[in-house]
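Subject: Structure for your review

Hello,

Here is the structure I said I would pass on.

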Amino acid sequence: RAALDGDYVKASRYLLEDSLNKKLFDQQIQNYNSMDGAQKRSYLESSIRPVAILSENDSTTLFRYYHSANPKDTTTLRIIKKQGKWLIDLKSVLKL
């Protein structure tokens, strides 16, 4: 939700930290900043719609969703439990 809202400070708290994830996250920030006001508003006003939540094991969950600003594009996030925190692994979603 934080990324759709453009709150990348908050979104960074949920990022699985490694060099590739950081690079992908920085690219996502650049992509967001290049959007016009109408696109940003569309993301801000969108809803997240879960499609499926699948547990791979006790420390990895796949969360498949779309957001109403782009309902044709479903995304699957890999969420990994590390040191008691659930973190997003962007490598499962974004490409350079």
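Searching the whole structure, which is a predicted model, turns up 3 aromatic pairs. A pair of aromatic rings is described by the distance of the centres and the angle of the planes.

For Tyr8 and Phe25, the ring centres are 5.7 Å apart and the planes stand at 70 degrees, so this pair is edge-to-face; the cut-off for that class is over 60 degrees. Tyr8 and Phe25 are both buried. Together with Tyr32, Tyr8 and Phe25 make up one aromatic cluster.

Phe63 and Tyr65 also form an aromatic pair, in this case stacked, with a centre-to-centre distance of 5.6 Å and 20 degrees between the planes. Phe63 and Tyr65 are both buried.

Is Asp89 buried or exposed? Its relative accessibility is 9%, and buried means under 20%, so Asp89 counts as buried. The side chain of Asp89 makes a polar contact of 2.9 Å with the side chain of Lys91. If neighbours within four places in sequence are set aside, Asp89 is in contact with Leu16, Asn21, Arg78 and Ile80.

Regards

Note on methods
Residues are numbered from 1 along each chain as its sequence is written. This is a predicted model: local features need pLDDT of at least 70, side-chain atom pairs count only at pLDDT 80 or more; totals for chains, interfaces and linings use all residues. Side-chain values use heavy atoms; hydrogens and water are left out. Buried means under 20% relative accessible area, exposed over 50%, partly exposed in between (1.4 Å probe, protein chains only). A polar contact is a pair of N or O atoms within 3.5 Å; within protein, one must be able to donate a hydrogen and the other to accept it, and residues adjacent in sequence count only if both atoms are side-chain atoms. Contact means heavy atoms within 4.5 Å. Rings of Phe, Tyr and Trp (its six-membered ring) pair if their centres lie within 6.5 Å; planes under 30 degrees apart count as stacked, over 60 as edge-to-face and the rest as tilted.
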